Amino acid sequence: MKPIRILCACATMLCGHALWAQVPYERILNAASEPGSWLTYSGNYQGYRYSALKQIDRTNVSRLKLAWIYQTNDLNQFETTPLVADGVMYISEPPSHAAALDLRTGRPLWMFRRIVPSDVRACCGQVNRGLAILNNTLYLATLDAHLLALDAKTGHLLWDTVVADYKTGYSITVAPLALDDKIIVGMAGGEYGVRGFLDAYDAKTGKRAWRFWTVPGPGEAGHETWAGDSWKQGSATTWVTGVYDPTLHLIYWGTGNPGPDYDGDVRRGDDLYADSVVALDAATGKLKWHFQFTPHDTHDWDSTQTPILIDANFRGSPRKLVVVANRNGFLYVLDRQSGEFLTGKPFAKETWAKELDDHGRPVLMPDMDPKPEGLVAYPGVHGGTNWFSQSYSPDTHLMYVAMREEGTTFYRATAQYTVGNIYTAGGIHGLPGVEPSGAIEALDPSTAEKKWEFPLHSPPWAGVLSTAGGLVFGGANEGNIFALDATSGKPLWDFQAGAPVQGNPISYQFEGKQYIALTAGRALLVFGME
Amino acid sequence: MRAIIAWILLLPSALLAAETGEKLFQTHCAPCHGPKGEGGRGANLAVRKLPRAPDDAALAAIIATGIPGTQMPATRMTAEESAQLVRFVRSLGKSQSAAVPGDRANGEKLFWSKGNCGQCHTVGARGGHIGPDLTDVGARRGPAYLRTSILQPEADIPENFASYRKLIYMPDNYLRVHAVTQDGKEITGERVDEDTFTIQIRDDQDHLFSFRKDELRELRKDWGKSPMPSYQGVFSAQELQDVIAWLASLQGAL
């Protein structure tokens, strides 16, 4: 490890920039020791979305200025989390493109263009949420459900593996997760009657190493939680990047809604492992434990939010925790060795559950399933939070969550499944006359208590980043990019980007200066001090 | 012969489809467009030509994506359901409702003179900006809704249907706000735009204000309030009918 870091440091000084990435597994594993880089989707394997850089802090953030902008050529949402290594930024672009950008100027060093077939289905935009890097290779998962390996130096395609047949409703939007020799990739298509899985591929060859079906087949444990043949369209997709505990050798990954979304009658039972977090052996993909947040969900409350692995005291003794604010409106604290439920509380307005019982199972309010004539519920279909990043600061010991308060009228219908077509069995409408809202919340991950909240004008679609400068960065639908005091929630800086912010922020250092990067509209904006 | 057999075989499924289309309409559309598509808060759909939907593909697109800047929301359904709903909506236009009775020319005169409606409302190039633009109000609202709006302006303030629109960029509702600056200046008017940190307000004298919210001591939102007076007793029954007839004829540029 040490020689590599020294080499990088020397080369950066001599050449100025652009050494080209050499990112062995050990660098990602020890991401905390090089805060100037951003080497994996969440910044580290634990899902912190935290930067140890502290040049930009509470006292000077008000002077933060735009450094450069990069714009895509595509009208779909630009949701990438950039990676930064050795003087170069690597991004994906909608629908399934990639580019390397010069950190000094923002100018592309190469661009990779992938033609996506016109008959690909994607429920909610032809987006891509980022790349993975390992050694000198980048990994890009495409909307037509392929996993590609690209030469980080040139963007040249090294291999192209079919993950699933997109014609049957599968698609991929997730940023892959690179481990020591494997690339973990999830899938989407939960509105198209697919059967969910999580895959691992050999990083060198692209050969599949294992597949974990998130909907168990006949003879497997959990299969009995699906009525009849409903498991075949059970969905439980894996469309947001999970996390990894290198000591326990476990991957933690959230799963999506059961299909069809709104008509639970055709799939009576708990519908495992939909709306769950699954802990899988990284070497084999075998299930170690699972925890289901919303048994038999009928409100499309995917549990794909990136979980956060925290070592903290829980009721006086040190515990290995996994913490996540779920789309169903509750914050959950679990033991990450066993999956045992420790505590949980609502962090968003919710009307569907009275409370969580001692095992974390919701005690349901009566009669809250969608109806043909409509049923109003909070959270709404987009949840108390959604796919975008949550953050944990080891300085404040707080978690930061972009919270949505928006109810929905849910309609139930009956639907006939046909291959590759939308299969939701119902629909949704907003609540007339109710102006929805949101907030950035600070939550204590060991008690699930709220410490502060900063109100947002509308329910957010952007994630948050916390930094050692005592700041939380985030974005709003109306184009505001902002920094809050991580201890008090007080706003310290904001910038109007001119288009909705729908990405996750990162921070990196280049030529001795700290930068913040975040997408808004078709642009990637990079901010630094003058 | 083959054709007849095919027709017989198709008949039950065609009937079923029509039934499904009507059911979808009653669930998703009728609350605003009326049970027979005669209009209300939403447009009158019982017309031979839908101005925003010249063909079936355009109508299906409107159902799928809504109409930005209006209260028409997006509705997700299968391609088959959408096709059935489109067929049903088209069938409404075959029994086109009669034109709204009343003397349109007199209605127009009353609107600009006795009603002084143009002080706040725009029609075409004429009028004020304080209230909603009425240039195409006849294409957006049914006559019964227009009558209620004139007699009880606060019965239904144009409101927000923000759900399932990912891009909440500008407010599409009509909201009265009252702001007090740190140095005590008071502004009352219509919210033009708002974000987390700022708000833009047009006051009743048509002045535009832009504030950062930390410059304000107080910001009150008067949900459900309208500066418009009731016209109960201002217009006679016949005059009111004439004004409605004129407003219903306003189809805008489309």
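In chain A of this predicted model, residues 24 or more positions apart account for 60% of the contacts with a separation of 6 or more, a contact being two residues whose C-beta atoms, placed from the backbone, lie within 7 Å. Of the 530 residues of chain A, 59% count as buried, that is, with 20 or more other C-beta atoms within 10 Å of their own C-beta atom, likewise placed from the backbone.

The C-alpha atoms of chain A fill a box of roughly 65 × 50 × 45 Å along the principal axes.

Chain A contains 2 helices and 38 strands, defined as DSSP runs numbered from the N terminus (helices H or I, at least four residues; strands E, at least two). An open antiparallel sheet in chain A is formed by 4 strands in the order S11-S12-S13-S14, where pairing requires at least two DSSP bridges between two strands. Strands S11 (177–178) and S14 (208–213) of chain A each have a single partner strand, so one side of each lacks a neighbour in the sheet. S11(A) pairs with S12 (residues 182–185) of chain A over 2 bridges in the antiparallel sense, and Leu177(A) has Ile184(A) in S12(A) as its bridge partner.

Residues are numbered from 1 along each chain as its sequence is written, and chains are lettered from A and ligands numbered from 1 in the order in which they are written. Local features need pLDDT of at least 70 and side-chain atom pairs count only at pLDDT 80 or more, whereas totals for chains, interfaces and linings use all residues.

Terms used: Buried ≥ 20, exposed ≤ 12 C-beta atoms within 10 Å, placed from the backbone.
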